[in-house]
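This report describes a single protein chain, shown below. It starts with a helix and then turns to the parts around that helix.

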Amino acid sequence: MAVETKFVVVRKGEEKMTFANKKDADAYDKMLDMADTFTEWLSQSGLEIDEALAENIALHLAEQKDAVQHILRTSKLPEAVAVVVEETAEETAEPETAEHAEPTAEETPAPKKPRAVKAA
């Protein structure tokens, strides 16, 4: 017989998620705390937004914490998000013609090296 230890994140009496290790459970709990804070902040902002939408936005912001921090620091989208946005735009764009063809390797600028960013 095997014994398994499980860590369960409970919010308002409801089981939200079960994890195999404490570190992941604590990280998820912290993310939910952040989402609760964002929800409260959005409700106090004076924006006409319903509670369900505020909760969804808050949860998304908390889940994408690293991207939000990058945007606040640099005023630019993180590289991974920018690539996804470009791919989505390409998928919805019209088919390419000869005058809108992809640039050749000679025309394509070299990718920029990522800069080191100091932690706050």
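## The buried side of helix 1

In this predicted model, the buried residues of helix 1 are Ala25, Met31, Leu32, Ala35, Thr39 and Leu42. Because they cover an arc of only 120° around the axis, they sit on the same side of helix 1; the arc is that of the directions from the helix axis to the C-beta atoms. Buried means under 20% relative accessible area, exposed means over 50%, and partly exposed is in between (1.4 Å probe, protein chains only). Lys23, Lys30, Thr37 and Trp41 are exposed on the other side of helix 1. An α-helix has 3.6 residues a turn, so residues three or four places apart point the same way.

The cover over the buried residues of helix 1 includes strand 1, strand 2 and helix 2 (51–63). Thr39, one of these buried residues, has a relative accessible area of 16%. Not counting residues up to four places away in sequence, Thr39 touches Ala54, Glu55 and Ala58, where contact means heavy atoms within 4.5 Å.

Helix 1 covers residues 22–43, 22 residues in total. From its first C-alpha to its last it reaches 31 Å, close to the 32 Å expected at 1.5 Å a residue. The expected span is 1.5 Å times one less than the number of residues.

Asn21 caps the N-terminal end of helix 1, with a side-chain oxygen 3.4 Å from the backbone nitrogen of Lys23. A polar contact is a pair of N or O atoms within 3.5 Å; within protein, one must be able to donate a hydrogen and the other to accept it, and residues adjacent in sequence count only if both atoms are side-chain atoms.

## The two strands

Strand 1 (residues 7–11) and strand 2 (residues 14–19) pair in the antiparallel sense over five bridges. Two strands pair if DSSP finds at least two bridges between them. Val8 has Thr18 in strand 2 as its bridge partner. Two residues lie between the strands of this hairpin, and Lys12 takes a positive phi near 50° there.

Arg11 belongs to strand 1 and is buried, at a relative accessible area of 14%. Leaving aside neighbours within four places in sequence, the contacts of Arg11 are Lys16, Asp29, Leu32, Asp33 and Asp36.

Gln64 lies in the loop between helix 2 and helix 3 and is partly exposed, with a relative accessible area of 35%. Gln64 and Met31 are 33 residues apart in sequence, and their C-alpha atoms are 9.7 Å apart in space.

Thr74 is in helix 3 (residues 65–74). Its relative accessible area is 28%, which makes Thr74 partly exposed. A polar atom of the side chain of Thr74 lies 2.8 Å from the backbone oxygen of His70.

## The whole protein

The protein has four helices and two strands, in the order β-β-α-α-α-α from the N terminus on. Helices (H or I, at least four residues) and strands (E, at least two) are DSSP runs, numbered from the N terminus. Of the 120 residues, 12% count as buried. Among contacts between residues at least 6 apart in sequence, 18% join residues at least 24 apart.

## Basis of the values

Residues are numbered from 1 along each chain as its sequence is written, and side-chain values use heavy atoms, with hydrogens and water left out. As the model is predicted, local features need pLDDT of at least 70 and side-chain atom pairs count only at pLDDT 80 or more, while totals for chains, interfaces and linings use all residues.
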